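Please look through the sequence and the model side by side before reading on.

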Amino acid sequence: MTRGCAVSATMQSGPRNGGAGMDVRILVVDDDKDTCEYMKDLLALEGFKVETLSEPEQTVPKLREGKHQMVLLDLMMPGTSGLQVLEQIREYDKNIATMILTGYPTLETAVDAMKLEACDYIKKPFEVDEFRRAIRAALEKHGVLLSPEEDLHRSIGRIIRQLREEQGLKLRHLASRTGLSVSLLSQIERAESSASVSSLFKIAIALNHKMSEFFGDF
């Protein structure tokens with residue numbers, strides 16, 4: 001695979017949170033209906049919602065419905081190519097996650113795909129676990145899915161903020177109780193900073209809660 005999006009070292013091959021695809025919708029565009037059905041079944045197992053198109057000219061009109069966060073494009077299709085469709089997509093949406101799949105990879109088309117900001121260029125047939133990781137990498141890169149570590153930080157910050165507000169405390173009050181700066185507490189709540197065990201312990205004492213409560217379902 002040729003990647004335009006970074007792959008996290010903490011990537012898991014299965015969907016996070018016990019199989020939930022977070023209602024992520026993926027559009028598969030391939031003139032081969034059997035391939036469409038295979039991709040739909042495979043991605044559905046990961047918890048994603050999948051639609052398929054065997055008519056590539058319908059791709060942009062379908063995206064205009066505003067339902068999808070990712071597009072998987074076959075490279076070679078009658079009357080057009082995945083790269084031409086990708087170029088049309090970029091004229092409409094410069095940010096949506098896209099991947100090219102092909103049974104006929106070449107350096108030239110791989111480079112063209114990267115220029116059009118495809119997240120990946122995947123040779124068919126592909127290895128399923130690597131394909132799963134590539135999908136998650138692209139979605140995480142585009143902020144659709146979070147890495148497990150990022151998700152944990154957001155969960156901790158959200159729970160701390162909720163407990164603080166339930167007690168009617170401002171950040172300055174919590175800072176006074178913990179000896180931590182308002183700036184650091186704010187960064188922890190917004191998941192902009194990873195809280196140390198020491199900081200979490202101080203916050204737990206200040207809020208009169210067990211530190212384990214900050215971790216929610218993790």
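This is a predicted model: local features need pLDDT of at least 70, side-chain atom pairs count only at pLDDT 80 or more; totals for chains, interfaces and linings use all residues.

In soluble globular proteins, nonpolar side chains tend to be buried together. Here the largest nonpolar core has 22 residues, and those touching the most other members are Ile26, Leu43, Met70, Leu72, Met99, Phe131 and Ile135. At least two residues of this core come from each of strand 2 (25-29), helix 2, strand 4 (70-74), strand 7 (97-102) and helix 6 (128-141), and helix 6 gives the most, with five residues. Apart from this core lies another one, of 19 residues, which includes Leu27, Leu63, Ala110 and Tyr121.

Side chains of opposite charge can pair when their charged atoms come close. The structure holds 10 salt bridges, and one of them joins Lys124 to Asp74, with the closest N and O atoms 3.0 Å apart. Because Lys124 lies in the loop between strand 8 (120-123) and helix 6, while Asp74 belongs to strand 4, this pair ties together parts that are 50 residues apart in sequence. Lys124 is partly exposed, with a relative accessible area of 21%, whereas Asp74, at 7%, is buried.

Asp129 and Arg132, three residues apart in helix 6, or about one turn of the helix, meet through their side chains at 2.7 Å, N to O. Asp129 is partly exposed at 29% relative accessible area, and Arg132 is likewise partly exposed, at 23%. Arg136 and Glu140, four residues apart in helix 6 and again about one turn of the helix, form a salt bridge whose closest N and O atoms are 3.5 Å apart; both Arg136 and Glu140 are buried. Elsewhere, salt bridges link Glu51, Lys62, Glu65 and Lys67 in a network.

Although Tyr92 and Val60 are 32 residues apart in sequence, their C-alpha atoms are 7.4 Å apart in space.

Terms used:
Residues are numbered from 1 along each chain as its sequence is written. Side-chain values use heavy atoms; hydrogens and water are left out. A nonpolar core is a set of buried Ala, Val, Leu, Ile, Met, Phe, Trp, Tyr and Cys residues joined through side-chain atoms within 4.5 Å. Buried means under 20% relative accessible area, exposed over 50%, partly exposed in between (1.4 Å probe, protein chains only). A salt bridge is a side-chain nitrogen of Lys or Arg within 4 Å of a carboxyl oxygen of Asp or Glu.
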